[in-house]
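Student: I have a structure to look at and would like to learn how to read it. Could we take it one feature at a time?

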Amino acid sequence: MSLICGEGDREEFLAKVVVVTSGKGGVGKTTTSAAFAAGLALRGHKTVVIDFDVGLRNLDLIMGCERRVVFDFINVINGDANLNQALIRDKRNDNLYIFPTSQTRDKDALKREGVERVLDELKQQFDYIVCDSPAGIEHGAITALYFADSAVIVTNPEVSSVRDSDRIIGILSSRSRRAERNDPPVEIQLLLTRYDPGRVARGEMLTVEDVGEILSIPLLGVIPESESVLRASNTGTPIVFDEESAAGRAYLDAVARFLGEQREMRFVEPERRGFFRLLFGRA
Amino acid sequence: MAAGNLVQGALFTVIVVRAGLLRDPEFGAELARQVERSPRFFRYAPVVLDLRNAEEFTRPEDFAEARELLRAQTLTLVGVQNALPAQLEAAAAEGLASFAPTAAQPSGRRAAATTAAAGAAAESEPAPAAVQPPAPEPSAPPAHPAAAPKTLVVTEPVRSGTQVYARGGDLIVTAAVSQGSELVADGNIHVYGALRGRALAGASGDAGARIFCARLQAELVSIAGHYLVSEQMPPELLGFPVQIALVDERLTITRI
């Protein structure tokens, strides 16, 4: 079904497709996609972030480019517009591009062959292609993860989010293109978001260790619950551009780890947890 | 309204019967024996007819006949798999559904199947069990003699929503088994990690099958059709290494 045959080897030297996914909705996929793509761009990598949530377009708002959308992903898939007409360059960072989706169409417009063609074209221009997956495990989410080389699993420290993440990890390791072709598996990493060490200490949230133990995938980062995230969303600024924000710094750490750097986990530090344990008296 | 709201998916365990066996005069008696051995597993259970190498099934009447034969043993024929287009039409005329073939391994996990004890005489023998439970087949190379007891070894976590079936043998999982996943084996099940999903050993009626796990947090355990849900398990054993066996028709959980 591939339109371009015999190019498997060449992909190794091209861009990396990173899917940001979770199964469950509302855990922070779009926030993470925006922050992660902006973080990669800040590190000097030419990056595009694609909104796969056809019909529920949000990424443009989070990225603050909603007033500049002319053509979208579906237009390009259908051949109604070319890539450069649809890509929006970020005003804050020249390495960062936004690829908005259609608000009027639905997920059926995501034809796999069309998506493959667009991704192959993007690979010629970009180092990283970040795919913001819709929630669920239906066609939209499956299409978003199908071509992934890496996956960032966004999980909140609560049981339903963890179970849904587990499900999506299973799908990634069985239904992605890499799985179907028996290529090296998709590199799957965990990003724990909305983590509140205080509530963890009170036993109201799962700990990093709990989640890691259940999902058994490498931990990319822990993003603390922070008011600055909502503020950033509402002003259309990826949180990594807010240097004051703990969440922003945590995302930059996660990006650095994604790029292979060793960084200590912040915002879940034992001292802090110890402090909270003392305060709330939980063993 | 979007179709997604109307259509929901679910995983079921379905018994697959090879169509060729239905014409075997011994089949009825063998099936009756199996049903008697584990009535809870078989009673009103759905059956899918596997039409591979059964070209003689061409008319709707053939399927009606199969349905009657199975109904006599409390089984309900619900559909066919591996049907040729003409067969599919005849089956559809009898109100039967089309099931996807099970040859492809659904989970895609890298599971290794090993032949534990290859019976020398087994080469030309078909599988001894007339009735073979459900969907996902192990990734065992088909070249193996079917009658040899096989052990399916899974080294990666079994994720929510996946089902692993060890046909005709034991299942060993060396990682965690998540909530919402299902392990099925005709023999024993060993889990060297936390068992948080469902585990069904002795799926074709072997009451001597057992389940072993390093940490009991299962949603459901079952041996030869006898089952316990999480709520019925002794709370003091949850989280501990246990074995589960069928003793006097009762599932018994003990620390190991």
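Tutor: Start with a definition: a residue is called buried when its relative accessible area is under 20%, exposed when that area is over 50%, and partly exposed in between. Keep in mind that this is a predicted model.

Student: Is helix H7 of chain A mostly covered or mostly open, and how many of its residues are buried?

Tutor: Helix H7, residues 139-146 of chain A, is mostly covered, with seven of its eight residues buried. Those buried residues are Gly140(A), Ala141(A), Ile142(A), Thr143(A), Ala144(A), Leu145(A) and Tyr146(A).

Student: Which elements do the buried residues of H7(A) pack against?

Tutor: Two strands of chain A are on the list, E1 (16-21) and E5 (128-132). The helices on it are H6 (112-125), H8 (159-175) and H9 (177-180), also of chain A.

Student: Take one of those pairs. At what angle do H7(A) and H8(A) pack, and how far apart are their axes?

Tutor: The angle is about 55 degrees, and the axes are 10 Å apart. To put a word to such an angle, one needs cut-offs: under 35 degrees is roughly parallel, 65 to 115 roughly perpendicular, over 145 roughly antiparallel, and the rest oblique. H7(A) and H8(A) are therefore oblique to each other. Their crossing is right-handed.

Student: Which residues make the contact between H7(A) and H8(A)?

Tutor: From H7(A) come Ile142(A), Leu145(A) and Tyr146(A), and they meet Ile168(A), Ile171(A), Leu172(A) and Arg175(A) of H8(A). Sorted by kind, the residues of this contact are six nonpolar, no polar and one charged.

Student: H8(A) also packs with H11(A). What are the angle and the axis distance there?

Tutor: H8(A) and H11(A) pack at about 35 degrees, with their axes 10 Å apart. This crossing is right-handed. On the H8(A) side are Val162(A), Ser165(A), Asp166(A) and Ile169(A), which meet Val211(A), Ile214(A) and Leu215(A) of H11(A). The residues of the contact divide into five nonpolar, one polar and one charged.

Student: Let us look at one residue from each helix. Is Ser165(A) buried or exposed?

Tutor: Apply the cut-off from the start. Ser165(A), in helix H8 of chain A, has a relative accessible area of 0% and is therefore buried. Leaving out residues up to four places away in sequence, Ser165(A) touches Ser22(A), Ile153(A), Val154(A), Thr155(A) and Leu215(A).

Student: And how does Ile214(A) count, at 23% relative accessibility?

Tutor: A value of 23% makes Ile214(A) partly exposed. Ile214(A) belongs to helix H11, residues 208-215 of chain A.

Student: What does Ile214(A) contact?

Tutor: Setting aside neighbours within four places in sequence, the contacts of Ile214(A) in chain A are Val162(A) and Asp166(A). Ile214(A) is also in contact with Arg159(B), Ser178(B) and Arg196(B) of chain B.

Student: Now the backbone. What is noted about the phi of Asn82(B)?

Tutor: Asn82(B) has a positive phi of about 55 degrees although it is not a glycine. Asn82(B) sits in the loop between strand E3 (76-81) and helix H6 (85-93) of chain B. With a relative accessible area of 22%, Asn82(B) is partly exposed.

Student: Where is Asp248(B)?

Tutor: Look in the loop between strands E16 (242-247) and E17 (250-255) of chain B. Asp248(B), not a glycine either, has a positive phi of about 50 degrees. Asp248(B) has a relative accessible area of 69%, so it is exposed.

Technical notes: Residues numbered from 1 in each chain as written. Chains lettered and ligands numbered in written order. Predicted model: local features only at pLDDT ≥ 70, side-chain atom pairs only at ≥ 80, totals over all residues. Heavy atoms only, no water. Buried < 20%, exposed > 50% of the residue type's maximum accessible area, 1.4 Å probe, protein only. Helix = DSSP H or I, 4+ residues; strand = E, 2+ residues; numbered from the N terminus. Contact = heavy atoms within 4.5 Å. Axes fitted to C-alpha atoms, helices over the stretch in contact; angles between N-to-C directions. Left-handed = near helix turned anticlockwise from the far one by under 90°. Nonpolar A, V, L, I, M, F, W, Y, C, P; charged D, E, K, R; others polar.
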